[in-house]
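Colleague: I would like to go through this model with you. Could we begin with a backbone detail and then move to the rest?
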Amino acid sequence: MPSNSDIIKLQSKDGDEFELTFKAARLSKYIEDEIDSKGTDEPIKLEKVNTPSLRKVVDYLKHYETEKMKKIVMPLKKFEISENVQKWYAAFVEEMEEDMLFEMINIANDLKCMQLMTLCTAHTACLMKKVPMETIQDIMHMMKGSNLQSEDK
């Protein structure tokens, strides 16, 4: 088992590598398991994660190492993400376009990084609270007949 300060390399599906400490990397249970089974001599290849998304994940993991995100209490009582987490974390999700936000939820799930998943889903809930119910119902109705749910499966 590496020490917390050992450097871990992650590789995107595009071949770009990012470095972070084992302490930061182990916030992802998937990455921790990969290190346990394969060691740290070679980069951990994340075949589903493109470079821009991996850069965001690494930024999150590195920041979490220095400033642990406060626990988000569910169900949310306040529907501004900035009222639920520290300033850096709020800015992290608020600057994402919706497509990136939804991709980040999937990546957090795949990487078994529950803190990142909670942040992204809480922000999504805050965004949805601002959308009229009729609009959400229309979107759900449109998705029901689409093949979006079967994509990439």
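Colleague: Is Lys112 buried, partly exposed or exposed?

Modeller: This is a predicted model, and in it Lys112 counts as partly exposed because its relative accessibility is 43%. Lys112 sits in the loop between α5 and α6.

Colleague: What is the phi of Lys112?

Modeller: Phi of Lys112 is near 55 degrees, which is a positive value in a residue other than glycine. Most residues other than glycine have a negative phi.

Colleague: Which residues does a cis peptide bond join?

Modeller: The cis peptide bond joins Met74 and Pro75, with omega at about -5 degrees. Pro75 is found in the loop between α3 and α4. Most peptide bonds are trans.

Colleague: Let us step back. How many helices and strands does the protein chain have?

Modeller: The protein chain has seven helices and three strands. Read from the N terminus, the order of its elements is β-β-α-α-β-α-α-α-α-α.

Colleague: What are the rough dimensions of the box that the C-alpha atoms fill?

Modeller: Along the principal axes, the box is roughly 55 × 35 × 20 Å. Of the 153 residues in the protein chain, 39% are buried. The chain exposes about 9,700 Å², and carbon and sulfur atoms supply 51% of that area.

Colleague: And the contacts? What share of those with a separation of 6 or more comes from residues 24 or more positions apart?

Modeller: That share is 62% in the protein chain.

Colleague: Now to charges. How many positive and negative side chains are there?

Modeller: There are 22 positive and 28 negative side chains, and the centres of the two sets lie 6 Å apart.

Colleague: Which residues gather in the patch of negative charge on the surface?

Modeller: The patch consists of Asp14, Asp16, Glu17, Asp41 and Glu42. One of these, Asp41, is in the loop between α2 (29–38) and β3 (44–45). Asp41 is classed as exposed because its relative accessible area is 76%, and the cut-off for exposed is over 50%.

Colleague: How many salt bridges does the structure hold?

Modeller: The structure holds six salt bridges. One of them links Glu34 and Lys38, whose closest N and O atoms are 3.0 Å apart. Both residues lie in helix α2, four residues apart, which is about one turn of the helix.

Colleague: Are Glu34 and Lys38 buried or exposed?

Modeller: Glu34 is buried, at a relative accessible area of 15%, whereas Lys38 is exposed, at 64%.

Colleague: What about Glu95 and Lys56? What N to O distance does their salt bridge have?

Modeller: The side chains of Glu95 and Lys56 meet at 2.7 Å, N to O. Glu95 is in the loop between α4 (87–94) and α5 (98–110) and Lys56 is in helix α3 (residues 51–66), so this pair ties together parts that are 39 residues apart in sequence. Glu95 is exposed, with a relative accessible area of 58%, while Lys56 is buried, with 12%.

Colleague: One more pair, please. With which residue does Lys130 form a salt bridge?

Modeller: Lys130 forms a salt bridge with Glu80, and their closest N and O atoms are 3.3 Å apart. Lys130 lies in the loop between α6 (114–129) and α7 (133–144), and Glu80 in the loop between α3 and α4, so the two tie together parts that are 50 residues apart in sequence. Lys130 counts as exposed at 52% relative accessibility, and Glu80 is partly exposed, with a relative accessible area of 33%.

Key: Residues are numbered from 1 along each chain as its sequence is written. This is a predicted model: local features need pLDDT of at least 70, side-chain atom pairs count only at pLDDT 80 or more; totals for chains, interfaces and linings use all residues. Side-chain values use heavy atoms; hydrogens and water are left out. Patches are made of residues with over 30% relative accessible area and no salt bridge: like charges are joined within 9 Å, nonpolar side chains (Val, Leu, Ile, Met, Phe, Trp, Tyr) within 5 Å. Accessible areas come from the Shrake-Rupley method with a 1.4 Å probe; for residues, only the protein chains shown count as cover. A salt bridge is a side-chain nitrogen of Lys or Arg within 4 Å of a carboxyl oxygen of Asp or Glu. Lys and Arg count as positive and Asp and Glu as negative; His and the chain ends are not counted. The place of a charge is taken as NZ of Lys, CZ of Arg, CG of Asp or CD of Glu. Buried means under 20% relative accessible area, exposed over 50%, partly exposed in between (1.4 Å probe, protein chains only). Contact means heavy atoms within 4.5 Å.
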